[in-house]
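Reader: I have this structure open and would like to know what the terms used for it rest on. Please take the terms in turn.

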Amino acid sequence: MEADAPQDGSATSPPEPLAGHGAAEAVAMEFFPFAGARAAHGAVRRALERGAGSVLLQGPDGIGKTRLLTDLSQRLQRRFQVIHLPLAALPAHELLAWALGALRVDAEDDPADQLLRHAANVGTLPLVLTIDEAQLMPMATARALADLVERAAGRIHTVLALSPDERAPRVRACFDGDVTEVAFERTLTAEEAHAFLRALVESQGGLPTQHELFDESTVAALYATSGGLPGRLSELAVGLLPSGASRVQASPLPLEPDADPFAVTGTAEAYVPRPATESALEELMTRIRDGAAWLALVGPPGLGKTQT
């Protein structure tokens, strides 16, 4: 497993307050490039460049796996077609049909064979399928993806982001052969958390400076409570901001000088009208028209409730 470097122990207590405005590194974007994220980002990218069939990105909830996949996907220019598949719990047939839809190809009876034929076309860039919350995948879906990668012989790759729960090892066991495991576990240092909060304040233009909103004791408390996890730190800090503030968005991750620039060449739709979601959507609309006071859309994670 390619792991992160040990966390720097020199920043175990909060540093002096930083200025609230004017820092170049606090430009509001989507990805906060702290050291742990840089290490994991580079490890995933290098694995793809080496031709790894599957890359397993493993880290706790809130560490930034989703943001990392998004940023990485935006830099895959000239080498790959990147398709993000956000609904890990789908059956294999529907998940691969989603990938075809992102490629603007109508799915037929066997979407796996269609993807293989697409990837084999002369002049077509290799495909990279990125899947968040991959521990939610049914075993049949995981096995189908592993089989697809093996049959593609270097023309289709997968990057799976997994959180460490009891399901993750079962999904991992479906993938063998050319697999690279990347540990994304190194959390924010106190100094990085300070910069993260500065980026949060500056991304909300018109607010007081960071020092006015978060004094040193507040920063220390937020950092300790969050455990150094960016997602958790953002949630805690946003609760202290004036009404209307949103989640932190930070600067894009700079790559090494000799790295290839990356960009998405295929994008999945926010909502894909598959039979299950169409049926649920129709029922919801019917109940609303009938005057229902409240409705609960119930289902396991990863099936598309948010998109519906």
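Author: I start with confidence. pLDDT stays under 50 over residues 244–269, for which the model has 91 contacts beyond four places in sequence. Contact means heavy atoms within 4.5 Å, and pLDDT is the predictor's confidence in each residue, from 0 to 100. This is a predicted model, in which local features need pLDDT of at least 70 and side-chain atom pairs count only at pLDDT 80 or more, while totals for chains, interfaces and linings use all residues. Residues are numbered from 1 along each chain as its sequence is written, and side-chain values use heavy atoms, with hydrogens and water left out.

Reader: What is the mean pLDDT of the chain, and which element has the lowest mean?

Author: The chain has a mean pLDDT of 76, and 68% of its residues reach 70 or more. Where pLDDT is low, the predicted coordinates should not be read in detail. Helices (H or I, at least four residues) and strands (E, at least two) are DSSP runs, numbered from the N terminus.

Reader: Why is Ala 112 called buried?

Author: Buried means under 20% relative accessible area, exposed over 50%, and partly exposed in between (1.4 Å probe, protein chains only). Ala 112 has 16% relative accessibility, so Ala 112 counts as buried. Ala 112 lies in helix H4 and, leaving aside neighbours within four places in sequence, is in contact with Leu 96, Leu 148 and Arg 151.

Reader: What makes Arg 104 exposed but Glu 133 partly exposed?

Author: Arg 104 has a relative accessible area of 71%, so it is exposed. Glu 133 has 30%, and is therefore partly exposed. Arg 104 sits in the loop between helix H3 (92–102) and helix H4 (111–120), and Glu 133 in the loop between E3 and H5. Phi is positive at both places: near 60 degrees for Arg 104 and about 50 degrees for Glu 133. Most residues other than glycine have a negative phi.

Reader: How do you know that E4 pairs with E1 and with E3?

Author: Two strands pair if DSSP finds at least two bridges between them. For E1 (residues 54–58) and E4 there are 5 bridges, and the strands run parallel; Leu 56 stands opposite Leu 160. E3 (residues 127–131) and E4 also pair in the parallel sense, over 5 bridges, with His 157 as the bridge partner of Val 128. In E4 (residues 156–162), 7 of 7 residues are buried.

Reader: What is meant by a nonpolar core, and which residues touch the most other members of the largest one?

Author: A nonpolar core is a set of buried Ala, Val, Leu, Ile, Met, Phe, Trp, Tyr and Cys residues joined through side-chain atoms within 4.5 Å. The largest has 41 residues, and those touching the most other members include Val 44, Leu 57 and Phe 214. H7 gives the largest share of this core, 8 residues. Val 44 touches Val 55, Leu 57, Leu 72, Val 159 and Val 182, not counting residues up to four places away in sequence. A second, separate core of 36 residues includes Leu 87, Leu 115, Leu 148 and Leu 160.
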